[in-house]
Every structure is written in structure tokens, then in C-alpha cells.
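Biologist: I have the model open and would like to walk through a few parts of it with you. Can we start with a helix?
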Amino acid sequence: MKIAYPTQKEIDDSISRVIEEACPARENVFIFLYRLYREIGFLDVMHGMEKIMVPLIAAYAFGIVYLANNVTASASDLYLSVILFSPLVFQLLLCLFFLGEQEQGVYEIELSCKYTMYHLLILRMGIAGLFSVAVNGMALVLYGVSQDFFGGTLILRLAFLAVSTFLVYFTVYVHLILKSVRIQYQLSLYFTWCVVAVLIRLYIPGMFAYLAMELPLLIHVCIWGAMLGLLMRLLPDVIYRNGKYNLNIGE
Amino acid sequence: MLTIENVSKKFKGFTALADINTEFAEGIYGILSPNGAGKTTLLKIMATLLFPTTGTVYYNGTDIRQMGEQYRELIGYMPQHFGYYRDYSAERYLKYIAVLKGIGKSEAAERTDALLDRLGLFEVKSKKLKTYSGGMLQRVGIAQALLNNPEILILDEPTAGLDPMERAKFRDILVELAEGKTILYSTHIVSDVEDIADRIIMLKNHTLHCNMTVDELRNTFLQDGKAVTLEQAFIKTYQ
């Protein structure tokens, strides 16, 4: 029997099919995380966190009402507080996540499942980040309104600064947990962040004023792009536990 | 087929496992050794909780670390100290673990009910886990390991805290499940594995001492020309 030699198109199609099967294209990390979120669901991603979110919002509301009535801050203080508070809720929620996993020992089972606690961690980082930005944004608006701060582009600039500082912190945080997931190190990171911001404000006021209050909005957008790009590269390492210590919280 | 090739594990200078080489085919493997010999470390490596310092574990020729999710879909793991969320009911907890195992919601509900029924927890499935006794919690731990009908079942001291009746029931379940599966069963209680294990693994001084059938092991130590019991063989090995 004579077998016809395949056409060039057939050869190309076959090669493409073999390559597709053998080397599937790696899914974009953000698309993968969205699919994962849909599969796991909000309640299971955030289980246990609802207990802390309500007191956190209450503490913020109380703090804002107190500050609005008792403290008069300058616009510069407002910028500093954005830098200090942007990552606070995010960091607190993630420390509580690790603390809960370690105390209850559930991580051993979660690490053996198809989706491990590191898949959950990434999703929680995203949700904690959005929650952090929302809570801080509301707090700022409430305080700003009470102090009659808002005029011109101040609110827009504050919002851009909040997102930029949060994304920079997020990226540094992911770098840190690829080295070690110890809670002491995570808290030290936040402490160092605050100290550096306060020192710059006190001792290099010109630089602080430029970075916080005058940096062009376009530069902020560039910072977002750079940080998101870095996160796209780093987050798969967290999921696949490619860190220096393999991200083994029990080790 | 699981193949362990030159696996060692060190923790800050302490060697927990040294150069382990062995294979696990289908069947029940009883892992017996005294405390501190490296059983739990070995099982944690098999469950991908830990990665070896050197060496590789292969599943049908592929590195399990490379397989990632694909490998974890195949395994069920019950750790020695079973962690749980105290405020969850057994039903809620199992459904949560089912989601992490990638099981669809309706299938998860079916499997959860079936396992709770089989393990005698169906009537109390809505009660919070913090109200459960040690034996009941142990059964929840066993249920979560079986949720995805795993091809490889890794059990680290699964019968600790169970009464003799429950242990016997658990052995029956394992025997039923064993068809076509690889079951790694670590225990201190020799009688738990004596009748059901196809092979016995023993670790001594952090290395593999043996991987042989129960009869081969019993015949290793003859007493008056007769094979000893598995318990006697265990004692003689570590004397």
C-alpha cells in the first residue's frame, strides 16, 4: 500500500500538536490565580480571617474618629501616614494566617493537597492587599474630610501613593518569604519599613517631599507596572516552593 | 511505582535520613522502627511536605517534585499530629479539604457523607471538631486522607488514639482499599500491620534496614528452627 507523503501543512500541524502536548504554554500567573480563586471560593480562601477583619475595621473606625476630633495633622503627615499604613492591614492578616497554620498544624495536610497552603497564601495576599488599600483609603478620606484637607489633586495623589507603596511593600514581602516565612522576619520587615519612612521624613525632608508629594503620576504608573512584572516572576516561585528554604514552615 | 533514590535529609547538621534507596509497588507497606529513626521524615518527603537534601523520589520514573499538583492529586496523607480547625464541623472541614484536593463541590458532598458514614461519624457530622474525642478526630483525619480515593496513601501512626475495635475496623477498611494502591503505613503497633502488610520496611540508624515480606522477616530470626513472630523480629532487630 502506498502511503502519501504528508503535506508541509500536515507536518507543521503535527509538530505543533506534539509541542503543545509536551510543553504546554505556561498560564499567566494572574489568570491562573483568578481561576484558582473561582475554584476554591472566597469563604475557603479567607476562612478564619473574618474574625479578625471585623475588629480591624472597628479599630480603624475608632482610630479615625478619635484622630479627626483630637489631632490636627499637616498634609505632609497625611502622606507619611499613607506610607506607614498602606501595608499594615496586609501584613497583619498574613501574620495571622501563618500563626493560625502553625498553631493548628493544619499546614501539614494542606501541603499534601493539590492546592497547598501556598496557593491559599497567594490568594490571601491579593485579597488582603485589596482590603488593606480599601480600608486605608476610606480612613484617609474620612480623616481628610474632617480636617478639610481635600482640594485640587490631593486625593488622587494620595491614592496613587497608597497603591505604589503597597505594591513596593508587596514585592519586598514576597522576596522575604522566599527566603524565610518566619513571622518575626515579617514583622521586622514592617518595622524597618516604618523606621526608614520616618527617618527620611525627619532627616531628608526634601527627598520625602519629592517622593511622596511631587513624584509625577506617570512615574507611579511605571512603578505599578514594574512591581506587577516582578510579582509575575516571583509568585510562581512561592506556589512551587522554590525558595531558599523550600518554604517549609515546619522545617 | 514509587522509587526512592539516594534520599538523604539533614536538618541543621542533624541527619534524619541517610542515603535511602528502595521501591514501593502496589500493596500495603508497614513501616516499623523505634522513635527517631526517620519514619516521619521519610513519609513527609513522600507527601512532598519536605524536599530531600539530596536524592530524588520518582513516581513511575518522574520526579515527584517536578510533577507537583499532578502528584499531589494522587496522594492521601494523614500526619502523625493531625491538625484541624477547631470551630469547623467534620462535614465543613472535609468539604474544605476536598476543595483543596481539587474535587468538585457536588462530588465532595457525596464523598464526605459516604466517608463519614463508613467511619461512624455521620450522626455527629455537624458538631464542631473541638467537641470530638481523640478517637473521633483520628477518624476525621483518616477520612480526609481518603477523600480523593488516592492511589498512594501515606499514613503516619493512623491508629494512635483508636480503641481496639476501631483499629480492627480501620484495618478492614485498609484491606478493602488496598487493591491497586500503594499504602505506606507507619506504626509502633506491630500487630496493626502483621496481618495486612505485604511488606515491612524497617529503618535503623536513619538508613534503610530492610524492605521484605513479613514471612521473609520472620524467617530471618529462627528460634529452635521455627520462624519468630513479627514482634519478636522487631525486638531482635533493634536489640
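Biologist: Which residues in helix 1 of chain B are buried?

Modeller: This is a predicted model, where local features need pLDDT of at least 70, side-chain atom pairs count only at pLDDT 80 or more, and totals for chains, interfaces and linings use all residues. Residues are numbered from 1 along each chain as its sequence is written, while chains are lettered from A and ligands numbered from 1 in the order in which they are written. In helix 1 of chain B, the buried residues are B:Lys39, B:Thr40, B:Thr41, B:Leu42, B:Leu43, B:Lys44, B:Ile45 and B:Met46, where buried means that 20 or more other C-beta atoms, placed from the backbone, lie within 10 Å of the residue's own, exposed means 12 or fewer, and partly exposed lies in between. Helices (H or I, at least four residues) and strands (E, at least two) are DSSP runs, numbered from the N terminus.

Biologist: And which residue with a positive phi follows helix 1 of chain B?

Modeller: That is B:Thr48, with a phi near 65 degrees.

Biologist: Switching topic, is B:Gln70 buried or exposed?

Modeller: B:Gln70, which is found in helix 3 (residues 69-72) of chain B, counts as exposed because it has 12 C-beta neighbours inside 10 Å.

Biologist: Now the sheet: in what order do the six strands of chain B run?

Modeller: The order in this open sheet is 6-7-8-3-9-10, with mixed pairing, where two strands pair if DSSP finds at least two bridges between them.

Biologist: Which strands stand at the edges?

Modeller: Strand 6 (75-78) and strand 10 (207-213) of chain B do, and each has a single partner strand, so one side of each is left without a neighbour in the sheet.
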